Amino acid sequence: MPQTRQLDSQRYFDRVRSRQARLGLARLRNSWQAGADVGFIDYFSDVPGTIPEKMIFNELAKRHINFYYNVYFGDIPFTPDKSERYRPDFLLYDYRIIIEPQGVYWHTRPGKFESDYVRAAMLEAAGYKLYYFTDTEILAGVETALNTIPELVNHTITGN
């Protein structure tokens, strides 16, 4: 039986860097490289996710805010279409808030804006407030980004 080859992350990033150097693109930076510049320490290395998602995860844990990460939301109750199921990145059930970090690359692709808009409308109709942050906003300062949410700044405001 042939063995399957797995490419570990360090070898993958080394291959990406060498390809960029060959093509003369060494000065370009990827989002995973930008995360290294912000001094991010991953305290939850067993939690899967992108660097901006992990930064929000760490900040919410540091603030002692109860949240669910990447949890299955389930069927939207008022629609007959059972394919309308969502998995929000951060669900703050006490505040009835959903936080979605969005990669600039993936969420600017054709057709993605419309699907994000429909998803936001469904979740807002279900009684949740949605807050979207781009990966560049999070990498620039996760504390500043989360401080734009009034419920997290003033803890006397609650969702219910």
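1. Glutamate 100 is buried, because its relative accessible area is 5%. Here, buried means under 20% relative accessible area, exposed means over 50%, and partly exposed lies in between (1.4 Å probe, protein chains only). This is a predicted model, in which local features need pLDDT of at least 70, side-chain atom pairs count only at pLDDT 80 or more, and totals for chains, interfaces and linings use all residues. Residues are numbered from 1 along each chain as its sequence is written, and side-chain values use heavy atoms, with hydrogens and water left out.

2. What does glutamate 100 form a salt bridge with? Its partner is arginine 119, and the closest N and O atoms are 3.1 Å apart. A salt bridge needs a side-chain nitrogen of Lys or Arg within 4 Å of a carboxyl oxygen of Asp or Glu. Glutamate 100 lies in strand S5 (residues 97–102) and arginine 119 in helix H4, so the pair ties together parts that are 19 residues apart in sequence. Arginine 119 is buried too, at 14% relative accessible area.

3. Salt bridges that share partners also join Glu59, Lys62 and Arg63 into one network. Look at glutamate 59 and its two partners. For lysine 62, the closest N and O atoms are 3.4 Å from those of glutamate 59. For arginine 63, the figure is 2.8 Å. Lysine 62 and glutamate 59 both lie in helix H3, three residues apart, or about one turn of the helix. Glutamate 59 is buried, at 6% relative accessible area. Lysine 62 is exposed, at 55%. The whole structure holds five salt bridges.

4. Next, the overall layout. The chain has seven helices and six strands. Both are DSSP runs numbered from the N terminus: helices are H or I with at least four residues, strands are E with at least two. Along the sequence the pattern reads α-α-α-β-β-β-β-β-α-β-α-α-α. Of the 160 residues, 36% count as buried. The accessible surface comes to about 10800 Å², and 55% of it belongs to carbon and sulfur atoms. Accessible areas come from the Shrake-Rupley method with a 1.4 Å probe; for residues, only the protein chains shown count as cover.

5. Now contacts across the chain. Contact means heavy atoms within 4.5 Å. Take contacts between residues at least 6 apart in sequence: 50% of them join residues at least 24 apart. Lysine 129, in strand S6 (residues 129–134), is one place to look. Which residues is lysine 129 in contact with, leaving aside its neighbours within four places in sequence? They are Arg96, Ile97, Ile98 and Glu151. The C-alpha atoms of lysine 129 and arginine 96 are separated by 6.4 Å, though the two residues are 33 residues apart along the chain. Lysine 129 is partly exposed, at 43% relative accessible area.

6. On to ring pairs. The structure holds five aromatic pairs. The rings of phenylalanine 57 and tyrosine 69 have centres 5.5 Å apart and planes at 85°, so this pair is edge-to-face. It links distant parts of the chain: phenylalanine 57 is in helix H3 and tyrosine 69 in strand S1 (residues 68–69), twelve residues apart. Rings of Phe, Tyr and Trp (its six-membered ring) pair if their centres lie within 6.5 Å; planes under 30 degrees apart are stacked, over 60 edge-to-face, and the rest tilted. Phe57, Phe67, Tyr69 and Phe90 form one aromatic cluster. Phenylalanine 57 is buried at 13% relative accessibility. Tyrosine 69 is buried at 18%.

7. Phenylalanine 113 and tyrosine 117 form a stacked pair, 6.3 Å centre to centre with 25° between the planes. Why are these two about one helical turn apart? Because they are four residues apart in helix H4 (residues 112–125). Phenylalanine 113 is exposed, at 59% relative accessible area. Tyrosine 117 is exposed, at 58%.

8. Last, the surface. Ile41, Tyr43 and Phe44 form a nonpolar patch there, with about 330 Å² of accessible area together. Patch residues have over 30% relative accessible area and no salt bridge; like charges are joined within 9 Å, nonpolar side chains (Val, Leu, Ile, Met, Phe, Trp, Tyr) within 5 Å. Tyrosine 43 lies in the loop between helix H2 (31–37) and helix H3 (51–62). Tyrosine 43 counts as exposed, at 63% relative accessibility.
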